[in-house]
Amino acid sequence: MSRILIDGYNLGLEKGTGVATYARNLSYEIGNLGHHVDVIYGNRANFVRDELLREVHFFDSAPDDRFKLLEIIEQIQQAIHGPFTFRAKQIPISGRVITRTFESRLPHFDTLYNASDLFQRAQSAFKLWKRPSQVRLPQKPDLAHWTYPIPLWITKRPNIYTLHDVVPLRLPYTTLDHKRRYLQLLQQLDQKAEHFVTVSESSKRDLVDLVGIAPERITNTYQSVSIPAKYRDKPEDQVSREVEGLTGFDYKGYFLFWGSLEPKKNIGRLIEAYLSSKVETPLVIVGAQAWKADQELKILGQTDTVYASLERRRGARKRVIQLPYAPFPLLVSLIRGARAAMFPSLYEGFGLPVLEAMLLGTPVICSNTSSLPEVAGDAALMVDPYDTQAITQAIRAMDADADLRADYSRRGRERAAMFSPEIYRERLKKVYDSHL
């Protein structure tokens with residue numbers, strides 16, 4: 001049994017993301033392979049010696065102002081001396097702090113570590129010095145698998161980095177990343193990394209063509225999704241009550257999108273196409289506004305608050321609603337209760353929501369670009385994401401034809417089986433066996 005470290009960069013305790021789901025699933029599959037799983041976070045829990053308080057601070061969402069002076073001192077030292085060697089401490093999980101609130105979001109772990117504000121401080125160090133910082137743990141892992149391109153590494157151990165996509169380079173107008181710094185980071189990681197993992201052949205081609213990483217240094221493992229049976233197999237009448245209570249719409253009586261409201265998700269064209277379709281079936285959007293979201297939502301005149309329903313435009317009243325967030329158990333019910341899921345994204349490194357919908361038997365409308373054809377195959381109704389009229393026609397077709405929905409539901413379940421946890425686990429095993 002080896003010790004494998006993953007990062008908690010995207011495993012925040014507040015809300016999840018697609019990359020958070022990736023990291024969480026990865027933690028479970030590493031455990032299923034029989035390895036000891038270490039997870040390192042960057043919360044503010046390291047400034048205290050008392051173990052109980054360290055555990056308390058780790059799960060406390062409120063920052064402690066007493067830490068600010070220490071942070072300022074460390075930032076000054078960083079500016080003078082260059083990239084840090086960050087020291088992590090173990091977080092004792094004793095059960096004295098009640099953590100069931102985070103049950104569906106915590107990864108699988110054997111040991112938790114924390115280095116205060118690790119990821120933010122590492123990014124600041126890279127901005128100044130253009131070099132990744134080191135991390136030192138009480139017990140060094142046999143391998144570090146970083147789930148995102150972050151400027152950190154473990155010395156004298158193989159470091160593997162998952163690069164999900166290169167959206168800041170392929171669609172620079174859709175992100176707020178500093179593009180030069182982003183490219184510099186990928187090039188620096190190419191010098192430090194033992195190997196790279198990515199999640200589609202589309203992303204692998206981009207990493208080779210745009211970043212210049214040698215193709216033999218990249219393994220595409222794809223992704224998998226595992227939805228607990230207690231949510232996946234919940235009785236249909238219970239799911240119906242949940243979605244009707246939350247949205248006011250009937251079971252199988254609404255279209256659904258979920259994800260961050262950001263430009264690459266193509267929400268503006270989705271809403272325009274939906275309104276143009278003039279179907280009676282409502283549209284539910286689950287996701288909080290991210291960067292440039294006001295531009296995506298301006299067609300409905302909704303730019304001031306994420307918590308209001310999207311009803312302002314005449315004709316859209318009571319037809320389109322937005323929920324800023326849904327806990328995972330409720331999100332599963334919303335997916336199961338949808339007539340169809342819609343993802344006309346401009347670009348996806350993998351497209352996990354498409355796989356989630358197919359696994360749950362919900363028909364899918366998605367883009368025919370980037371990685372999505374690899375994931376969906378012939379099991380989704382695919383459209384050109386830049387062609388609003390094509391999206392409109394797909395919405396009308398899916399809304400009107402129950403046989404078409406049933407066919408895509410069947411094909412989706414069959415396709416999802418090709419991305420099972422067992423197949424994903426075997427791909428991971430090959431990567432780890434080559435580098436441990």
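Q: Which side chain of opposite charge is nearest to Arg319, and how far away is it?

A: First, the ground rules: this is a predicted model, where local features need pLDDT of at least 70, side-chain atom pairs count only at pLDDT 80 or more, and totals for chains, interfaces and linings use all residues. Residues are numbered from 1 along each chain as its sequence is written, and side-chain values use heavy atoms, leaving out hydrogens and water. Lys and Arg count as positive, Asp and Glu as negative, while His and chain ends aren't counted. A salt bridge is a side-chain nitrogen of Lys or Arg within 4 Å of a carboxyl oxygen of Asp or Glu. Buried means under 20% relative accessible area (1.4 Å probe, protein chains only). Here, Arg319 is buried without a salt bridge, and Glu280, the nearest opposite charge, is 5.8 Å away.

Q: Where is Asp7 found, and which backbone nitrogen lies 2.5 Å from a polar atom of its side chain?

A: Strands are DSSP runs of E, at least two residues long, numbered from the N terminus. Asp7 is found in strand β1 (residues 3-7). The nitrogen at 2.5 Å belongs to Thr147, and that of Tyr9 lies 3.1 Å from a polar atom of the Asp7 side chain. Asp7 is also buried with no salt bridge; Arg24, the nearest opposite charge, is 11 Å away.

Q: How many residues does the largest nonpolar core have?

A: A nonpolar core joins buried Ala, Val, Leu, Ile, Met, Phe, Trp, Tyr and Cys residues through side-chain atoms within 4.5 Å. The largest has 88 residues, and Trp258 is one of those with the most contacts inside it.

Terms used:
Buried < 20%, exposed > 50% of the residue type's maximum accessible area, 1.4 Å probe, protein only. Helix = DSSP H or I, 4+ residues; strand = E, 2+ residues; numbered from the N terminus. Polar contact = N/O pair within 3.5 Å; in protein donor to acceptor, adjacent residues only side chain to side chain.
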